[in-house]
Amino acid sequence: QVQLVESGGGLVQPGGSLRLSCAASGSIASIPMGWYRQAPGKQRELVAFITRDGGTNNAASVKGRFTISRDNAKNTVYLQMNSLKPEDTAVYYCTVIGTAYWGQGTQVTVSP
């Protein structure tokens with residue numbers, strides 16, 4: 001069983017940056033990881049994922065602004081978010097892709 005703990009959320013102005021972290025309780029070196037988000041009244045959506053080999057893919061809405069990365073030595077996955085927009089406001093969740101393992105989420109609010 002894997003436990004995931006997100007951190008790094010907060011309140012930021014439009015155009016600002018945040019880096020989210022997802023710390024896993026065990027090794028993530030051989031598993032694909034992802035970040036999802038859920039805004040109020042909307043369905044949870046995939047933001048970005050990273051494969052076991054380090055390949056990445058982002059949702060069209062965040063391409064060129066968000067970057068997912070992993071540090072296998074620290075069992076941590078990151079989401080660097082730049083040029084944030086109000087529509088990025090959501091609770092962001094870390095997950096092991098294809099499993100029921102989810103973190104508790106971290107709130108990101110983008111507002112003047």
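**Close-up views of a predicted model**

**View 1. The disulfide between Cys22 and Cys94.** The torsion about the S-S bond of Cys22 and Cys94 is about -75 degrees, so this disulfide (a pair of cysteine sulfur atoms within 2.5 Å) is left-handed. Because Cys22 belongs to strand β3 and Cys94 to strand β9, the pair ties together parts that are 72 residues apart in sequence; strands here are DSSP runs of E with at least two residues, numbered from the N terminus. The S to S distance is 2.0 Å, and the count by this rule comes to one disulfide. A disulfide is a covalent bond between the sulfur atoms of two cysteines. Both Cys22 and Cys94 are buried, a word that stands for under 20% relative accessible area, calculated with a 1.4 Å probe and protein chains only.

The model is predicted, and local features need pLDDT of at least 70, while side-chain atom pairs count only at pLDDT 80 or more and totals for chains, interfaces and linings use all residues. Residues are numbered from 1 along each chain as its sequence is written, and side-chain values use heavy atoms, with hydrogens and water left out.

**View 2. The largest nonpolar core.** This core (buried Ala, Val, Leu, Ile, Met, Phe, Trp, Tyr and Cys residues joined through side-chain atoms within 4.5 Å) has 27 residues, and those with the most contacts inside it include Met33, Trp35, Phe66 and Met81. Among the elements that give two or more residues to the core are β3 (18-24), β4 (33-38), β8 (76-81) and β9 (90-96). Leaving aside neighbours within four places in sequence, Met81 is in contact (heavy atoms within 4.5 Å) with residues including Leu20, Phe66, Tyr92 and Val108.

**View 3. Two hairpins that involve β5.** Strands β4 and β5 run antiparallel and are joined by five bridges, with Met33 opposite Ile50 in β5; two strands pair if DSSP finds at least two bridges between them. Six residues lie between β4 and β5 in their hairpin, where Gly41 in the turn has a positive phi of about 75 degrees. In the hairpin of β5 and β6, five residues lie between the strands, and Gly54 in the turn has a positive phi of about 95 degrees.

**View 4. An open sheet of four strands.** The order of the strands is β1-β3-β8-β7, with antiparallel pairing. Since β1 (4-7) and β7 stand at the edges, each with a single partner strand, one side of each is left without a neighbour in the sheet. Six bridges join β7 to β8, and Ser69 has Tyr78 in β8 as its bridge partner.

Methods: Buried means under 20% relative accessible area, exposed over 50%, partly exposed in between (1.4 Å probe, protein chains only).
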